[in-house]
Amino acid sequence: MRKNFGAKPYTYPQPVLIIATYGEDGTPDAMNAAWGGISDNTQISMCLSAGHMTVKNILARKAFTVSMADAAHVVECDYVGVESANDVPDKFEKAGFHAVKSEFVDAPLIEELPMALDCRLVSFDEETGRLVGEIVNVNADERILDEQGNIDPAKLEPITFDPVNSAYLKLGEKVGNAFKDGLALK
C-alpha cells in the first residue's frame with residue numbers, strides 16, 4: 001500500500017547548491033538553493049525568486065558560481081539560506097566564507113567549499129523563477145581528488161536536502177556501477 005502526499009516538491013536526492021555572486025560594489029554574496037540540477041550537458045537550472053540579492057547580482061553581472069554544500073559546512077551553508085543579503089549585506093563574511101575570484105567568470109568561488117561550477121547566465125524567467133546557467137568550468141580542490149585525479153564523493157561529502165523532514169543528509173556509500181550493472185539484464 002502507498003500513501004499519497006499530493007503535489008509536493010519531493011525528490012531524492014535534492015542537491016544543496018550554494019550560489020555565489022559579487023554585488024555592485026564587489027562584495028561577495030551567497031545563497032542556499034535546493035531546487036536545482038543539471039538540465040543539459042553544459043547547463044544548470046535552478047528555481048530562484050527574483051527578490052534574492054543573489055539573483056539581482058546574477059542579472060547585473062551575468063555570472064555566478066555554484067558550490068556543492070558539504071557535511072563539514074552544514075551550519076555555514078544553512079546560514080546563507082536563512083539570512084537575506086537584502087537585510088545583512090555581509091552575510092558571506094558572517095558565514096565565515098572567504099572569496100577567491102573565479103578564473104572563468106565574474107563571480108567568487110567559496111574557498112571553504114571544495115567543488116564548484118563556474119557559470120554564465122543563459123536566461124532568467126522572472127515569472128517562474130527558472131534561472132539557467134551555462135557551465136563554463138568545474139573546479140575541485142585537490143584535497144577531494146582520488147589517486148587518478150577525479151572527484152571522490154567520499155572525500156567531498158556532499159549533502160542533500162530532505163524536503164519531507166526539513167533535514168540535510170550526507171550522501172552514502174557506493175551501491176553499484178552506472179552504465180554497467182544493468183547490462184546483466186540485457
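Buried here means under 20% relative accessible area, with exposed over 50% and partly exposed in between (1.4 Å probe, protein chains only). Keep that in mind for what follows. This is a predicted model, where local features need pLDDT of at least 70 and side-chain atom pairs count only at pLDDT 80 or more, while totals for chains, interfaces and linings use all residues. Residues are numbered from 1 along each chain as its sequence is written, and side-chain values use heavy atoms, leaving out hydrogens and water.

Let's start with strand β3, residues 28–33, where 5 of the 6 residues are buried. (Strands are DSSP runs of E, at least two residues; helices are runs of H or I, at least four; both are numbered from the N terminus.) β3 pairs with β2, residues 17–22, in the antiparallel sense over 6 bridges; pairing takes at least two DSSP bridges between the strands. Look for I19 and you'll find its bridge partner in β3, M31. The hairpin of β2 and β3 has 5 residues between the strands, and G26 takes a positive phi near 90° there.

Now zoom out. The protein chain has 4 helices and 12 strands, and 38% of its 186 residues are buried. Along the principal axes, the C-alpha atoms fill a box of roughly 55 × 45 × 30 Å.
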